[in-house]
Amino acid sequence: MGYPSPLPPFLDGPRRLIALGALLLLPAAAQAQAGPRTDTPRAGKLRVTFEPVITTWDREFTANGHEQAIGTSLLSESHAPIVCRPVGGFVVCRYDFTPVFVRTERRVTPLALEFGITNRMAVGVYVPVVRVNTRAGVQLDSAGNPGNPDAAQRLDSLLTDSTYALDPIAGTSRRLRFFPGDVEVNAKYRMLESRNYALTAAVVVRLPTGHQDSPNNLFDISTGDHQTDIELQVMQELTLFDRLWLNLLVRGGRQQPGTRAHRVGPQSVLLIPHAALATLNWDPGDYAAIDVAPMLRFGKNFGVGFTAGYWTQTRDRYTYRSAQDSIDIATRLGAPVSAAVLDAGTALRWTRLGVAMTYATPDVEGSFSVEQTVTGSGGPVPVATVFRIVMRTSLRLF
């Protein structure tokens with residue numbers, strides 16, 4: 001995602017030391033949807049950006065746009081299945097258990113470097129370290145006690161049974177919290193630049209260095225898609241009346257095919273037998289996004305505004321890697337199951353709104369933003385709150 005850009009670089013301001021001190025006073029922050037800077041570092045300059053991001057959610061939008069708690073289909077009271085129905089080649093049952101509480105957090109701590117080849121062209125790299133942490137457990141009552149003392153044991157017994165072979169309900173262990181994310185390399189060219197307007201185009205290649213979520217853990221989250229993306233970006237900045245700064249980012253991405261381990265069954269069903277597990281060909285849907293970030297400058301170096309972004313992604317496509325894989329699944333489940341059953345619920349759309357503030361001097365810049373996902377549909381979309389802080393400085397190498 002993008003982030004709220006600091007004010008244009010031609011603005012004067014206090015000394016670098018004062019700016020750095022101001023940045024250190026900003027709270028830990030997060031991801032917004034405003035576009036990246038249109039300007040590039042001048043020839044021979046290295047721009048260094050540190051931008052920690054925190055994203056949290058405990059609810060998600062359903063396919064029809066309604067909100068529900070994560071893992072709602074596990075909410076229940078007893079051990080007996082109440083509804084069983086055939087899906088593909090196997091029977092899916094809805095069980096009754098006590099409510100499960102799930103809260104998910106993803107922290108991205110990236111370092112971004114951009115180097116000016118010419119005064120208009122730059123190349124860069126974005127290297128993220130991702131911390132994922134899911135806190136999951138049986139929901140407590142107002143006194144802090146489980147609503148049903150036996151419910152957690154019954155639920156874990158079902159999940160870990162050989163039929164499902166899933167991890168028990170528990171938070172993310174420490175050894176599984178930190179992983180690399182998907183590294184990005186980019187090239188940016190500033191096509192137009194005037195006192196009040198700038199237009200820049202960029203090509204971003206996202207590499208398969210992150211890891212996917214585990215098919216054996218109901219609430220695991222990935223640190224990356226682990227497949228290659230190619231993204232095109234067009235960024236525009238317009239300054240009106242020397243006070244109002246308008247930022248627009250339009251981008252589209254082509255996601256290259258890869259592979260993914262998945263249990264072959266409907267996306268809306270959590271409890272799918274372990275016999276349905278297979279490594280599949282995966283062609284993730286392409287995406288497009290529009291982000292705007294109008295900001296009002298209150299001084300030469302400080303501005304505030306709001307952010308708005310819309311994201312849409314086409315449906316993923318799943319196929320078996322070979323005919324034998326399809327036969328193996330059919331043999332284990334007792335009937336053929338098409339890998340295309342996983343396609344449903346993967347065409348996503350969502351909208352985020354937020355606020356941002358930014359501070360800039362010629363050599364040191366910083367910004368803060370917070371956003372909230374306000375709509376989502378097409379499949380499970382996190383009702384996420386996203387924070388970002390950006391700290392950036394430029395160094396002349398030669």
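Two strands count as paired if DSSP finds at least two bridges between them, and strands (E, at least two residues) and helices (H or I, at least four) are DSSP runs numbered from the N terminus. The model is predicted: local features need pLDDT of at least 70, side-chain atom pairs count only at pLDDT 80 or more, and totals for chains, interfaces and linings use all residues. Residues are numbered from 1 along each chain as its sequence is written, and side-chain values use heavy atoms, with hydrogens and water left out.

**Exercise 1. Describe the open sheet that contains β15.**

Step 1. Three strands form the sheet in the order β14-β15-β19, with antiparallel pairing.

Step 2. β14 (258–263) and β19 are the edge strands, each pairing on one side only.

Step 3. Direction ignored, neighbouring strands are turned by 45 degrees against each other on average. Axes are lines fitted to C-alpha atoms, for helices over the stretch in contact, and angles run from 0 to 180 degrees between N-to-C directions.

Step 4. β14 pairs with β15 (residues 277–283) over six bridges; R263 has L277 in β15 as its bridge partner.

Step 5. Helix α3 (residues 323–333) packs on this sheet and touches β15 and β19, its direction making about 140 degrees with that of β15. Contact means heavy atoms within 4.5 Å.

**Exercise 2. Identify the residues with the most contacts inside the largest nonpolar core.**

Step 1. A nonpolar core is a set of buried Ala, Val, Leu, Ile, Met, Phe, Trp, Tyr and Cys residues joined through side-chain atoms within 4.5 Å. Buried means under 20% relative accessible area, exposed over 50%, and partly exposed in between (1.4 Å probe, protein chains only).

Step 2. The largest core has 23 residues, and L159, I169, F219 and L271 have the most contacts inside it.

Step 3. At least two core residues come from each of β2 (53–57), β7 (100–116), β8 (121–138) and α2.

Step 4. Beyond four places in sequence, L159 touches residues including A165, I169 and L271.

**Exercise 3. Is F241 buried or exposed?**

Step 1. F241 lies in the loop between β12 (229–240) and β13 (244–255), and its phi is near 60 degrees, a positive value in a residue other than glycine.

Step 2. Its relative accessibility is 75%, so F241 counts as exposed.

**Exercise 4. Locate the lowest and highest mean confidence among the elements of the protein chain.**

Step 1. pLDDT is the predictor's confidence in each residue, from 0 to 100; the chain averages 82.

Step 2. Confidence is lowest in helix α1 (residues 16–24), at a mean of 35, and highest in strand β19 (residues 317–320), at 97.
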